[in-house]
Amino acid sequence: MTQLEICINADDLHYLEANVAAALQGGASRIELCADMQQQGMTPTVLAMQKARQAFATVPGLLVMVRFRSDDQIQTKSELAAMQQAIRQAADSGANGVVLGLLNAQRCLDLASLELLVSQAKKLGLQVTFHRAFDAIAKQQQALDQLIDVGVDRVLSAGTLWGSDLGVMHGLERLQQLKTQAAGRIELVVGGGVNLGNLAKIVDNLKAADNLCSVHSYSAVLSQGKVDPQKVAAMVRLCR
């Protein structure tokens with residue numbers, strides 16, 4: 001079964017627990033907790049992390065976004081320290097993993113910073129997902145092997161160039177190439193326009209014996225701005 005990961009907007013604490021509970025009720029395997037979705041997701045508050053952990057019960061799938069800059073670059077030591085602090089806060093709040101992405105000015109992996117943060121996360125018992133900053137990298141084959149070597153557990157991609165406005169359906173061939181290259185060494189998380197209308201085709205195209213593939217969705221499971229457990233459940237059924 002392909003796992004379903006739901007992105008949860010952490011900005012409105014009043015509805016946060018209900019949205020997380022709806023994702024759980026619908027059968028989502030994981031949630032990615034993000035603040036400021038207008039910036040494609042930033043680090044949520046500690047209170048949001050704690051509320052999400054409580055609402056997602058004992059399910060080992062709470063992932064927390066660790067991101068403070070929209071360009072995914074670290075410019076100062078204080079910015080790196082802020083990411084380190086957020087990783088500690090995520091662990092202390094009961095998260096199971098963190099989501100991050102670090103690039104340099106040439107839009108390649110910032111390996112030095114990435115190695116430091118991944119090492120910290122692992123020592124705290126956290127899994128690591130590299131988010132869609134991966135789609136901004138030109139030499140993705142090289143980058144994928146580097147992420148594997150560093151110890152990243154998952155990589156999120158639409159198979160299309162970041163900023164191109166092309167969704168996952170335009171990237172299926174590239175995603176299959178990435179999955180073949182990964183060869184079970186890292187989980188490919190498919191995101192970027194995944195919805196009820198295209199999910200079955202995505203799953204059929206990317207299923208493999210190793211099953212190290214999952215799908216990520218955000219707006220497709222919302223009804224009037226809130227997570228709809230019935231839509232989540234419908235997507236879970238298509239993942240089987």
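Start by selecting strand 1 (residues 3–9) and strand 8 (213–217): strand 1 and strand 8 pair in the parallel sense over four bridges. Strands here are DSSP runs of E with at least two residues, helices are runs of H or I with at least four, and both are numbered from the N terminus; two strands pair if DSSP finds at least two bridges between them. Click on Leu4 and you'll find its bridge partner in strand 8, Val215.

You're looking at a predicted model, in which local features need pLDDT of at least 70 and side-chain atom pairs count only at pLDDT 80 or more, while totals for chains, interfaces and linings use all residues. Residues are numbered from 1 along each chain as its sequence is written, and side-chain values use heavy atoms, with hydrogens and water left out.

Stay on strand 1. Five of its seven residues are buried, so the rest of the structure largely encloses it (buried means under 20% relative accessible area, with a 1.4 Å probe and protein chains only). On to strand 2 (residues 30–34), which pairs with strand 1 in the parallel sense over five bridges. Here Cys7 stands opposite Glu32. To get from strand 1 to strand 2, the chain goes through helix 1 (residues 13–26), making a right-handed β-α-β crossover; that is, with the strands pointing away from the viewer, the path from the first strand over the helix to the second runs clockwise.

Eight strands form a closed barrel in the order 1-2-3-4-5-6-7-8, with parallel pairing.

Next, pick strand 6 (154–157). Arg154 and Leu156 point one way, Val155 and Ser157 the other, and all are buried. In general, side chains of a regular strand alternate between the two faces of the sheet. The chain passes from strand 6 through helix 6 to strand 7 in another right-handed crossover.

Finish inside. Which residues touch the most other members of the largest nonpolar core? Select Phe130 and Val190, out of 70 residues. Such a core is a set of buried Ala, Val, Leu, Ile, Met, Phe, Trp, Tyr and Cys residues joined through side-chain atoms within 4.5 Å. Around Val190, look for contacts (heavy atoms within 4.5 Å) including Leu156, Leu175, Ile202 and His216. Another core lies apart from the largest one, with six residues, among them Cys7, Cys34, Leu63 and Val99.

How values were computed
Axes are lines fitted to C-alpha atoms, for helices over the stretch in contact, and angles run from 0 to 180 degrees between N-to-C directions. Buried means under 20% relative accessible area, exposed over 50%, partly exposed in between (1.4 Å probe, protein chains only). Lists of a residue's contacts leave out its neighbours within four places in sequence.
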